Amino acid sequence: MPRRRPRSPPALMEDAVEEILLRVPPDEPAHLVRAALVCKAWRRTLSDRGFLRRYRGFHRAPPLLGYLHSLYHETGPPIPAFVPTTEASPIPPLPLDGGSYWARDCRHGRVLLQSFHQPQRLLVWDPITGDRKELSAPAILHTTYAHAGAVLCTIDGCDHLDCRGGPFLVVFVWANASDGGDGLEEWATTYSSETGVWRPSVSIVIPNFNHYIAGKQPCPLIGDALYFTLRYGLSILRYDLGGHRLSVIELPPRVFGRIVMKVEDGVMGLVAMSNNCIYKWLWQVNANGGTGGWEKNMVMELKTLLPWPARRTRHQLIAHVEGTDTIFIRGARRAGVFTLDLKSRKVKKVGEEILLKGRLSAP
């Protein structure tokens, strides 16, 4: 009696397939690429714009595909380099034209680059499409102590899941000595891609010459404001986008190596590292709308999470992934660059440190 061939399992309904693919974790885009190779029906589903929209909305926070860092060369100034963190991360060609640039900010699908030799030359670049726009920063009449910049989408009601090609805003912040010589004067202005002009600058005087802008620190967007870290001080500079004004927020005492980031429910948070522990504070606003204050929210030991450093060496907190609870940590003794999810406590090594001529390059 001839053997019967086993029956193939019944095909899954299209709606069921879509729901399964919708729940594929976005951490590794290569998983979706492999799923698309299963059959034509799956490939058709995964390439459908409606499905891709649902997928982005379902997972909300986009995955970390890589990061930019300023790579020092032995014979010259820094050049930004893209470091992929997943198997499927594309390595976009940087639009540098042989020049040297700082990677100042990355948000809403755009990167803000600033020329190393010509600080007034800025470049807004879309690494996916390759689109770029050059602009000149406002003239700085006095010697600047430091400057920083940010780029963001300005489409009303945009969820920033696919907003490339639309209007954008560039915020440029810098510091110089005040006219009275009694401190530093912090300045801020904005450039709109719709008008093509810079807005008149606003400023605030800070009576401490050490409170200049830490240009290499991330500047998170929380609500309708950008927050810039002030170096060698216990303060951050808040720029109100809607009101076009500056203010200063004091940080908790004896907190060093800190990163300001958006945390639960859009609240401003502060993450710092000390004695190889992670500390987190939340900014609490008074019920009557008055001045708020910091409240300690979490303490996390790193001894069981990261390679434990030798004596007199420490891990270092260097950046965060905006829109997530993930931070970047530089491992002690050149152990590498790691990401740490503050909620799940998941650690992933995403890069190696580069040490050239005594200078360390990191995100």
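1. Let's start with a pair of helices: helix 1 passes helix 3 in a right-handed crossing. A crossing is right-handed if the near helix is turned clockwise from the far one by less than a right angle, and left-handed if anticlockwise. Helices here are DSSP runs of H or I with at least four residues, strands are runs of E with at least two, and both are numbered from the N terminus.

2. A word on the source: this is a predicted model, in which local features need pLDDT of at least 70, side-chain atom pairs count only at pLDDT 80 or more, and totals for chains, interfaces and linings use all residues. Residues are numbered from 1 along each chain as its sequence is written, and side-chain values use heavy atoms, with hydrogens and water left out.

3. Back to that pair. Axes are lines fitted to C-alpha atoms, for helices over the stretch in contact, with angles from 0 to 180 degrees between N-to-C directions. Angles under 35 degrees count as roughly parallel, over 145 as roughly antiparallel, 65 to 115 as roughly perpendicular, and the rest as oblique.

4. Which residues of helix 1 and helix 3 meet? Val17, Glu18 and Leu21 of helix 1 touch Trp42, Thr45 and Leu46 of helix 3, where contact means heavy atoms within 4.5 Å. By class, this contact of helix 1 with helix 3 has four nonpolar, one polar and one charged residues. Nonpolar covers Ala, Val, Leu, Ile, Met, Phe, Trp, Tyr, Cys and Pro; Asp, Glu, Lys and Arg are charged; the others, Gly among them, are polar.

5. Helix 1 also packs with helix 4 (residues 49-59): the axes come within 10 Å and cross at roughly 45°. That makes helix 1 oblique to helix 4. On the helix 1 side, Glu18, Glu19, Leu21 and Leu22 make the contact, and on the helix 4 side Phe51, Arg54, Tyr55, Phe58 and His59.

6. Four strands form an open sheet in the order 11-12-13-14, with antiparallel pairing; two strands pair if DSSP finds at least two bridges between them. Strand 11 (221-222) and strand 14 (245-250) stand at the edges, each with a single partner strand, so one side of each has no neighbour in the sheet. Six bridges join strand 13 (residues 235-240) to strand 14, and Ser235 stands opposite Glu250 in strand 14.
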